[in-house]
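These notes are meant for a colleague who is opening this structure without having seen it before.

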Amino acid sequence: MTGMRMTSPDDGPGEAGPGGRRPAVLLESTRKPTAYWLFVLLVLTLLSEETAYAYNLVTPALPDMAAHLKTSQIAWVATLFSLIGGVSAPLIGKLADIHGKKRVLLSATGAMACGSLVVAVAPSIQVVLVGRALEGAAISILPLTYSIMRDIFPKKLLAIGVSIATTGIGLTGILAPVIAGALIDHFTYRGVFYFLAVFPVVLGALVLLFVPESPVRARSRVDWWGALLLGVAVGLLLVGLSEGPTWGWGSTATLGCFIGGVVVLVGWLAYERHSAEPLIDVGLLTGRPLLTTAIVQFTAQGIIALNFVLLSFLVQVPRALGHTYGFGASASGLAAYTTPGGIISMLIGFAVGFVVRSRGARLPLRLAFVFSIVGCLLLGTVHDRPWQVFVGYCVYAVGGGALGAAIPNLVIAAVPSEKQAVSAGTVNLVGALGASIFVQIGFVILNAQVSTVVQGQPIYSGTGFTLVYIYTAVVAAAGLAASLVMRHGAAERAEPAQASRVPAH
């Protein structure tokens with residue numbers, strides 16, 4: 001969050017703000033009992049889980065969605081959510097600084113509920129994508145909950161409150177596949193989206209009734225043009241990648257998308273360099289510490305998103321159709337693979353926190369990419385039996401958990417404290433774009449390796465999965481290369497950070 005503040009969030013309850021006056025909400029927090037604040041913490045933590053559910057409940061539903069909607073463009077269900085959410089999150093954060101965090105948090109929660117309802121009743125993939133675009137607002141729920149906690153919580157409870165909230169995502173990564181499996185098996189994929197529509201309504205009502213508004217306001221400008229240009233540029237490139245195999249890579253439409261995307265991207269870079277309050281601080285991003293951190297985040301989020309999406313198809317496709325892969329597992333059966341992986345990722349994330357204290361974040365980051373490479377190669381080359389897929393995914397999960405825990409520490413080590421907020425926002429946006437782009441490329445590879453079509457749903461060949469997992473390993477190798485040229489993140493400069501609240505895949 002940026003901008004001039006009327007009141008500093010660090011002026012805890014009972015402390016005078018500028019001019020010796022204490023904000024009314026902060027004064028009020030000293031009079032409320034601890035039990036009240038624990039209840040507020042519970043409400044905000046549960047609401048922030050909506051972001052993780054929007055990833056972890058939806059991904060197991062993708063094969064069922066593809067079958068019901070008879071589409072080969074199912075990758076857009078994951079891609080559009082990340083793309084819209086990543087680009088809009090900085091804008092929503094700015095609006096929250098200006099107009100009030102609770103008010104904007106409730107608006108984002110409402111958008112998530114409406115978008116989920118649209119998807120639940122959608123008759124076609126086109127309407128589904130409209131709903132997923134609306135759901136993208138959920139990505140901003142997470143940072144908004146932390147921001148409002150920082151502004152309104154009593155200082156004595158703030159640190160422990162944030163710690164409790166940061167560990168919630170690990171539990172979601174473990175439970176979400178089980179919840180998704182039960183909903184899909186009993187109500188098809190639509191059950192997942194009805195759940196995603198009702199959940200934020202209930203939590204939003206509790207926020208409305210019991211969570212105070214933040215007194216902090218900022219005088220800031222929202223970079224609407226920057227967000228629009230970036231969204232158009234990435235959107236054109238993704239459409240070109242997605243439709244290239246159908247239109248032809250040398251067709252006018254495909255080349256037009258690629259050329260148009262590049263031209264708009266160059267224009268966006270020029271605009272951001274001269275903007276007083278840019279969506280992304282391009283000058284800061286070009287410095288070696290933050291640039292290498294952004295590259296590893298870009299690749300890491302692509303690896304995490306790809307592995308979770310690919311596993312859903314690898315396990316749930318019947319062997320009679322997959323021939324060299326597929327176990328015909330139900331959505332609940334998928335949890336037998338993802339839940340142990342979630343536990344491993346959570347435990348590794350905690351372990352990385354201890355390693356960072358003594359060795360810095362750079363070492364666990366490099367090891368994370370190594371485990372990711374090995375796991376992807378195992379999944380790509382040895383996936384004939386359930387135990388082989390289980391072992392490969394667990395090896396990858398070690399890397400995925402370490403990636404999520406190491407990168408926030410590298411952001412802290414990369415820039416001075418006064419630039420932490422804008423740096424974290426920039427790196428998070430780059431990560432969201434990485435998830436969007438790499439998933440889309442992965443499905444371009446798969447869609448070029450379709451062995452048969454069953455009731456409108458493409459069935460990918462075993463060779464297609466081998467190629468896409470090798471591609472994912474190459475992405476991980478690129479992240480490893482970026483980590484090897486890092487000069488920050490060693491023990492003497494590392495500072496421990498709170499656990500990263502990234503979706504646990």
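1. A search of the whole structure finds 18 aromatic pairs, where rings of Phe, Tyr and Trp (its six-membered ring) pair if their centres lie within 6.5 Å, and planes under 30 degrees apart count as stacked, over 60 as edge-to-face and the rest as tilted. One of these is formed by Y325 and F465, whose ring centres are 4.7 Å apart with the planes at 55°, so the pair is tilted. Y325 lies in the loop between α13 (319–322) and α14, while F465 belongs to helix α18 (residues 462–484), so the pair ties together parts that are 140 residues apart in sequence. Y325 has a relative accessible area of 0% and is therefore buried, and F465, also at 0% relative accessibility, counts as buried; here buried means under 20% relative accessible area, exposed over 50%, and partly exposed in between (1.4 Å probe, protein chains only).

2. Y393 and Y396 form another tilted aromatic pair, at 5.4 Å centre to centre and with 50° between the planes. Because they are three residues apart in helix α16, Y393 and Y396 are separated by about one helical turn, and both are buried. Ring pairs also link F313, Y325, F443, Y460 and F465 into a cluster.

3. Please keep in mind that this is a predicted model, in which local features need pLDDT of at least 70 and side-chain atom pairs count only at pLDDT 80 or more, whereas totals for chains, interfaces and linings use all residues. Residues are numbered from 1 along each chain as its sequence is written, and side-chain values use heavy atoms, with hydrogens and water left out.

4. The protein has 18 helices and four strands, these being DSSP runs numbered from the N terminus (helices H or I, at least four residues; strands E, at least two). Buried residues make up 56% of its 505 residues. Of the contacts between residues at least 6 apart in sequence, 81% join residues at least 24 apart, a contact being heavy atoms within 4.5 Å.

5. I373 sits in helix α15 and counts as buried because its relative accessibility is 17%. Leaving aside neighbours within four places in sequence, I373 is in contact with A473, A476, A477 and L480. I373 and I470 are 97 residues apart in sequence, and their C-alpha atoms are 8.6 Å apart in space.

6. S345, in helix α14 (residues 331–359), is buried as well, with a relative accessible area of 15%. Not counting residues up to four places away in sequence, S345 touches A397 and G401.

7. On the surface, V370, V374, L378, V382, W387, F390 and V391 form a nonpolar patch with about 560 Å² of accessible area together; patches are made of residues with over 30% relative accessible area and no salt bridge, like charges being joined within 9 Å and nonpolar side chains (Val, Leu, Ile, Met, Phe, Trp, Tyr) within 5 Å. A salt bridge is a side-chain nitrogen of Lys or Arg within 4 Å of a carboxyl oxygen of Asp or Glu, and accessible areas come from the Shrake-Rupley method with a 1.4 Å probe, only the protein chains shown counting as cover for residues. Helices α15 (362–381) and α16 (386–414) each supply at least two residues of the patch. V382 is placed in the loop between α15 and α16, and V382 counts as partly exposed because its relative accessibility is 33%.
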